[in-house]
Amino acid sequence: MGETSKTSGEIGEALAERITRKIGWENTIGNISVDCVKKSHKSITGKSRTTHGADRVFIYDSPFHEDQTTVVHISVKNSLNSAPAVGTLRTQFKKHFLELHEAIECSIFSVNIKNQLDAHSPRSRISHVGLLIWHFKDIGNRSIREDLKAIELTGSLNHPVYLLENSRLEFLFAVMTDSDKRMIGSESRFHYPELGENLNPGDPRRGNILPLELAASGIIPIVKFMNQKSTLFIYADQKFSGDAYKKLLNYALLIGHDLVLDIWIGMPDYDVSIHGESANIARLSFKDRTETITPFSYLPTLTSLLEG
Amino acid sequence: MSYAKRLESLIVFGPELRVLLSSHHISAGEVHSILRSKGIYAPSREKRDTVPLLSTTLLTPDEFTKLVELSVSRESVPKHRVATMALVADDSDWRAGLLQNLPARLSELSESDQSYKISQRPAATVVGDRVHITYTIDRKDFSKDWLQRELTFDGTVEISAKGKELVLEVTSVHSSKETELVNQKIVRMISAALHLAGVTTSSDANHISFGSFSNSDRVKFFKRLSAGNDKVLRTGNIDNVEIVLDPEKPDLPDDAEISWMKDIVKSMRIDGEKLNDIFLLREESFYEYFSIQSMDILYPFAVDANVGTCKVRYFFPKTTKSQSRDESEFTIEHSSPKFTTPAANEDARRNVLKEIQLATRSIVDIEFLRLSPETASDD
């Protein structure tokens, strides 16, 4: 039993490391030891903790708040089994959540964390958030988010926690895999829509890092430069419908800022033979815009041969 | 905001989303719910914690639709009206006559003022044995906050033959003041078109209006609506009724139950649970002294395997100064059915609501015909 846990833990770590690297989180820091500073924190055996820390930490400057640097405390949980029944799932989640939250509560006072931050030259405001990467082996891309929605989290919570579970991880993997195949040789960047306030107009709106806020959104904008031309890709974890596609077109045209003339909209299930007519009708809602817009599916199927 | 952005505001993000989420149109629970669906756990359920987190993400189209359009539809529940037209003969091809004369009239339909635009023009289509006319208006109102700035409303008018009777039923559905008025124009066009084709006896449709009844008949009419139709809707409980004492009949009878209102009460709204047998509705001799403005009835329903309750509001809308109260048209408003059987899927829910709407319209038709002196038997 101990052997299997170790292996599943190692697999989880490897998975997390690779997927974060795929979204541009190159410098995640592992093995930071954090002293426990709160008497109320207890370990599994019930004794007071002396140390804890998240599995990894990632630091980035927020593209949405000009005065903020975000510190992501990452906890990775991997199971070689299928997800348990809802009741057990919720209990496990609460345990993982509280464990991570307590780690953050002590991390903000940790010298080791401070050293890492200082090395980054942070902005004036530091935001500490949690990220729980939770993967189950046998559930493919099924989402557990709805089952966990109704959970009551008691106690004083100060830090938001983001959950990237199977469906989100599969989405990120599928999107980055598809993006790597498109316009090979081009320069590829994540695009940062203006989501915050008080934005410094000088701040670059693109970069190599996918911010956690967008990773958890289910919508990822990517810009590719080639031959002095920009192409905007909007990947959406959104099944096709005429109305949904119109809204994605709206996003694309607003985000593209009249600067991008070639737009691609990626959905998981777009099939030109079924959805083509609806897509054309939806495009007519924006008939006074001259951009070229191409819908496609980012999950490879036979009908994707018909694209472009 | 640039002109381009205003036009294309089908979905918003960033500061505009923040304004929307902070507004009273969206509840704290709704923001928290979408945040959780995205897998984001905020420090609390309060908007001061949830709104900044959610507005720094991008909502998927489905999430945005669920958030906004459901909250908007709270404010614009569809209202149904029924009118009838008598056919000249039972073999008259009313559909052909209508389809020949109506399109030209519909193309002349235009906005009555600048506050709205007809964005999808009305056109007649045939659906089964019914003629169906739908259109969409966009309301422009730049004085209100973002959510009200551009709202879209649909209007529908449907014409069908009523069973074996020589009567056409014209049903209009509207959800805003603009579509109410446009529907009225369309119904007038339909009546004119049918009369021109020689298939109907009159160039005006018979509307159910306040003035169609005597006080007595009106009370009887409302009361009988609670009986249901034995199929989809069973006998309902009256749980809200609004009455107005007739100023032209001030001499109330001496019965203690009613005499106290003399010279004191002008109108009254009674909110309760089973008002079917209260004094006002029980004693027929009281009926002539007051008029019913509105009544809410809670019906038990059964459609296939789906069972539950549905509240239906029947009312005469309040009229403006320029309109006489007699012209106020009888209107039906259905709330979302509440299911006691396990939650049905979206399609089943829509179907159940449709069946309930058909049932209430049919009950209204039948009871109106019973009371109406002109609709003599057609045999």
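Colleague: Which residues of H7(A) meet which residues of H8(A)?

Modeller: Contact here means heavy atoms within 4.5 Å. On the H7(A) side stand A:Gly242, A:Tyr245, A:Lys246 and A:Leu249, which meet A:Ala279, A:Ala282 and A:Arg283 in H8(A). Sorted by class, this contact of H7(A) with H8(A) holds four nonpolar, one polar and two charged residues (Ala, Val, Leu, Ile, Met, Phe, Trp, Tyr, Cys and Pro count as nonpolar, Asp, Glu, Lys and Arg as charged, and the others, Gly among them, as polar). The model is predicted: local features need pLDDT of at least 70, side-chain atom pairs count only at pLDDT 80 or more, and totals for chains, interfaces and linings use all residues. Residues are numbered from 1 along each chain as its sequence is written, chains are lettered from A and ligands numbered from 1 in the order in which they are written, and side-chain values use heavy atoms, with hydrogens and water left out.

Colleague: At what angle do helix H7 and helix H8 of chain A pack?

Modeller: Helices are DSSP runs (H or I, at least four residues), numbered from the N terminus. Axes are lines fitted to C-alpha atoms over the stretch in contact, and angles run from 0 to 180 degrees between N-to-C directions. Helix H7 (residues 242-256) and helix H8 (residues 272-283) of chain A pack at about 45°, their axes 9 Å apart. H7(A) and H8(A) are therefore oblique to each other (under 35 degrees is roughly parallel, over 145 roughly antiparallel, 65 to 115 roughly perpendicular, the rest oblique).

Colleague: Which helices pack in chain B?

Modeller: Helix H3 (residues 28-37) and helix H4 (residues 47-54) of chain B pack at an angle of about 45°, with axes 9 Å apart. Among the residues that meet are B:Val31 and B:Leu35 in H3(B), and B:Val51 and B:Leu54 in H4(B). That contact has seven nonpolar, two polar and one charged residues.

Colleague: How many residues does each chain give to the contact, and what area do chain A and chain B bury?

Modeller: The size of an interface is often given as the accessible area lost when the parts come together. Buried area uses a 1.4 Å probe and is summed over both parts. Chain A gives 47 residues and chain B 34 residues. About 3400 Å² is buried between them, 57% of it on carbon and sulfur atoms. A:Lys149, A:Lys247 and A:Tyr251 supply 20% of the area that chain A buries against chain B, more than any other three residues.

Colleague: How many salt bridges cross the interface of chain A and chain B?

Modeller: A salt bridge is a side-chain nitrogen of Lys or Arg within 4 Å of a carboxyl oxygen of Asp or Glu. The rule finds one across this interface. A:Glu152 forms a salt bridge with B:Arg45, their closest N and O atoms being 3.4 Å apart.

Conventions
Helices (H or I, at least four residues) and strands (E, at least two) are DSSP runs, numbered from the N terminus. Buried area is the accessible area (1.4 Å probe) that two parts lose on being put together, summed over both.
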